[in-house]
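Welcome to the tour, and please have your viewer ready. We will begin with the whole chain and then pick out residues one by one.

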Amino acid sequence: MASLIFRKGLDLKHAVSGMLADNYHSALVEQIKADDFTFKADRLTVHLAREFGFCYGVDRAVDYAYQTRERFPDRRVFLTGEIIHNPHVNEKLRGMGIEFMGHDERALDALGTNDVVILPAFGVTVGMLERLDRRGCTLIDTTCGSVLNVWKNVRRYADGGYTSIIHGKVWHEETQATASQAVSYGGRYLVVFDRAETAHVCDVIRSVAPLDDGGRQAFSERFRGAASPGFDPDRDLQRIGLANQTTMLMSESLEVGEMLKAAMLERHGASALDAHYQAFDTICSATQDRQDAVVALLRSRALDLMIVIGGYNSSNTCNLARICAESRPTYHIADPDCLVSAAEIRHRPIGAKAEVSATSWLPSTGPLTIGLTSGASTPDNLVGAVVARLAEFAQLPA
Ligand code: SF4
């Protein structure tokens, strides 16, 4: 029996709105917004970016997860993995009895028609959806509309014979799902992570002569696991279409696009460009708004330091931290508990794989001005708790 799929919620928004407000809203944050996004207490001033926290896609996904629990109180409810990249939210869902399957193949094979599975905001691969469908369980699809837009473009590229070049993180669920869309439509894909990988692709595009064995070897090593099966750089980089994981750094995605376009122009000439190169910006507006807001904050305020709150595996949060770190001491923290004391903070440095502890992070005397933002999967209550803790630390004697 094929699965029953709910894509527009379960008509229980009214029943869960109070619970969502209790779990994730913050009166302090509402007050800060009303006070021109500024908080003052004694020597401390905190400036909040004008766009931060839960995006429309995350808001909807979490809402649907709560509605699911409400609608099916007696059935087993599963998530394919994290619904969004925020440990606090995922923990709350676990507390409601929602189980996380992750890579547990046995859990997937044990699903039955009475089970309910929630698909996350960043979507699942075509293969995973087919497997779930075969189990006949009820599916609650929270895939964000902005992710669906990327998929639409990638499918169009496949239809037109263009290879999708996806600027994204190959280990991220959204990019894996996007890549699977290309393959399911008979297309090909290549994931590029940064400018360096794009430069390698551009070198191949520019070269008129086919790659020699060494060149092929270097290409396949560099893009191992990041290209569709049987990818042939000489054949599959002749016609390309650019797409982005929705949460990448906008400035970097634009640069990746410019690099690829310039290489295609050089190789094929202006008159043939459209036949060889297509591009649609698929960074979502929520990501862009948060990046623009933090750039505006950094430009407009004299800040001693920046704090960025969000899961360490949250792509959009990591990119906010990258922007901040270019001009200010920046601490990317997962939650308020990372503010251990006025003398110690736990944070993840830009590009590092693990959290570290830092000391002497907070100036102990004089006026203190801190900039604050949070990723699209960070609830306001965590932002409020961080502000409260900063206020407490700023009052402590040095
Ligand atoms: S970050 Fe963008 S694409 Fe991802 S869930 Fe939010 S709005 Fe949707």
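This is a predicted model: local features need pLDDT of at least 70, side-chain atom pairs count only at pLDDT 80 or more; totals for chains, interfaces and linings use all residues.

Residues are numbered from 1 along each chain as its sequence is written, and side-chain values use heavy atoms, leaving out hydrogens and water.

**The whole chain**

Switch to a cartoon view: the protein chain has 16 helices and 16 strands (DSSP runs numbered from the N terminus, helices being H or I of at least four residues and strands E of at least two). The radius of gyration of the protein chain is 23 Å, close to the 21 Å of the globule rule for 398 residues, so the chain is as compact as a globular protein of that length (taken over C-alpha atoms; the rule is 2.2 Å times the number of residues to the power 0.38). Along the principal axes, the C-alpha atoms fill a box of roughly 70 × 50 × 30 Å.

Of the 398 residues, 54% count as buried (buried is under 20% relative accessible area, exposed over 50%, partly exposed in between, with a 1.4 Å probe and protein chains only).

**Stop 1: Ser-146**

Select Ser-146 in helix H7, residues 145-160. Ser-146 is buried, with a relative accessible area of 13%. Leaving aside neighbours within four places in sequence, Ser-146 is in contact with Tyr-56, Thr-246 and Cys-284 (contact means heavy atoms within 4.5 Å).

**Stop 2: Ser-3**

Is Ser-3 buried or exposed? At 14% relative accessibility, Ser-3 counts as buried. Show the backbone too: the side chain of Ser-3 reaches the backbone oxygen of Cys-137 at 2.8 Å, and a polar atom of that side chain lies 3.3 Å from the backbone oxygen of Leu-132.

**Stop 3: Ser-164**

Select Ser-164 in strand S8, residues 163-167. Ser-164 counts as buried at 1% relative accessibility. Ile-240 is 76 residues away along the chain, yet the two C-alpha atoms are separated by 5.9 Å. Not counting residues up to four places away in sequence, Ser-164 touches several residues, including Val-154, Arg-188 and Gly-241.

**Stop 4**

Finish with two loops. Most residues other than glycine have a negative phi. Asp-11, in the loop between S1 and H1, has a positive phi of about 60° although it is not a glycine. Asp-11 counts as exposed at 72% relative accessibility. Then select Ser-360, in the loop between strand S15 (356-359) and strand S16 (368-374). Ser-360 has a positive phi of about 50°, and at 68% relative accessibility Ser-360 counts as exposed.

Key
A polar contact is a pair of N or O atoms within 3.5 Å; within protein, one must be able to donate a hydrogen and the other to accept it, and residues adjacent in sequence count only if both atoms are side-chain atoms.
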